[in-house]
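Here is a short briefing on one protein chain. Keep the sequence and the model side by side as you read.

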Amino acid sequence: MSFDLVVWAMDKTDPPDAVRDANARCARGEHPQRPADPRVVAFYDALTSHYPDRGPRASLPGSPWAHAPLHAAADHIEMRLDENCPDVVLETIERLAAELNLDLLDLQDGTVYPPPTRSFAS
């Protein structure tokens with residue numbers, strides 16, 4: 001079983017429902033044709049420098065990924081984490097999302113955690 005999280009590069013005025021709507025479009029296979037958001041690129045690069053999602057290290061015991069490579073698009077990164085991944089991985093994801101002004105969507109219950117620079121009720 002996996003624990004699924006998605007970081008989204010949204011406008012700073014977008015409410016949580018906009019994040020959930022964007023994720024629903026992704027689930028339908030609808031992805032915008034645009035250049036990658038620099039925040040998403042920086043998140044991916046930083047996260048995978050610690051926890052590779054490609055190559056031999058991605059499939060070694062202890063990898064946090066239940067499915068690799070990660071789903072990467074211009075405006076988001078979906079991560080399927082192994083249910084036994086260490087807390088430090090989740091803490092790293094949360095820290096990077098906050099530092100890079102990305103929304104974090106918990107697919108288990110649909111909760112959206114906006115960056116600390118803005119706050120909305122989930």
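Is Lys-12 buried or exposed? Lys-12 is exposed, because its relative accessible area is 65%, over the 50% cut-off. Bear in mind that this is a predicted model. The overall picture comes next, then individual residues.

**Overall fold**
- The protein contains 3 helices and 5 strands.
- Their order along the sequence is β-α-α-β-β-α-β-β.
- The radius of gyration is 14 Å, close to the 14 Å that the globule rule gives for 122 residues, so the protein is as compact as a globular protein of that length.
- Along the principal axes, the C-alpha atoms fill a box of roughly 40 × 30 × 25 Å.

**Surface and charge**
- Of the 122 residues in the protein, 42% are buried.
- The accessible surface comes to about 6,800 Å².
- Carbon and sulfur atoms account for 52% of that surface.
- The side chains include 11 positive and 20 negative ones.
- The centres of these two charge sets lie 5 Å apart.

**Lys-12 and Asn-101: two loop residues**
- Lys-12 sits in the loop between strand S1 (2-8) and helix H1 (16-27).
- Asn-101 sits in the loop between helix H3 (87-99) and strand S4 (103-106).
- The two residues are 89 positions apart along the chain, and their C-alpha atoms are separated by 8.4 Å.
- Asn-101 has a phi near 60°. That is a positive value in a residue other than glycine.
- Asn-101 counts as partly exposed because its relative accessible area is 24%, which falls between the 20% and 50% cut-offs.

**Prolines**
- The peptide bond from Ala-68 to Pro-69 is cis, with omega near 0°.
- Pro-69 belongs to strand S2 (residues 65-72).
- Pro-86 lies in a loop, between strand S3 (76-82) and H3.
- Pro-86 is partly exposed, since its relative accessibility is 39%.
- Pro-86 and Gly-62 are 24 residues apart along the chain. Their C-alpha atoms are separated by 8.7 Å.

**Gly-55**
- Gly-55 is found in the loop between helix H2 (38-50) and S2.
- Its relative accessibility is 48%, so Gly-55 counts as partly exposed; the cut-off for exposed is over 50%.
- Gly-55 and Asp-106 are 51 residues apart along the chain, and 26 Å separates their C-alpha atoms.

**Thr-111**
- Thr-111 is part of strand S5 (residues 111-113).
- Why does Thr-111 count as buried? Its relative accessibility is 16%, and buried means under 20%.
- The side chain of Thr-111 also makes a polar contact with the side chain of Asp-109, at 2.8 Å.

**Points to locate in the model**
- Start with the cis peptide bond from Ala-68 to Pro-69.
- Next, find Asn-101 and its positive phi.
- Then view Lys-12 and Asn-101 together, with C-alpha atoms separated by 8.4 Å.
- Finish at Thr-111 and its side-chain contact with Asp-109.

Notes
Residues numbered from 1 in each chain as written. Predicted model: local features only at pLDDT ≥ 70, side-chain atom pairs only at ≥ 80, totals over all residues. Heavy atoms only, no water. Helix = DSSP H or I, 4+ residues; strand = E, 2+ residues; numbered from the N terminus. Buried < 20%, exposed > 50% of the residue type's maximum accessible area, 1.4 Å probe, protein only. Polar contact = N/O pair within 3.5 Å; in protein donor to acceptor, adjacent residues only side chain to side chain. Rg over C-alpha atoms; globule rule 2.2 N^0.38 Å. Areas by Shrake-Rupley, 256 points an atom, 1.4 Å probe, with all protein chains shown as cover. Lys, Arg positive; Asp, Glu negative; His and termini not counted. Charge placed at Lys NZ, Arg CZ, Asp CG, Glu CD.
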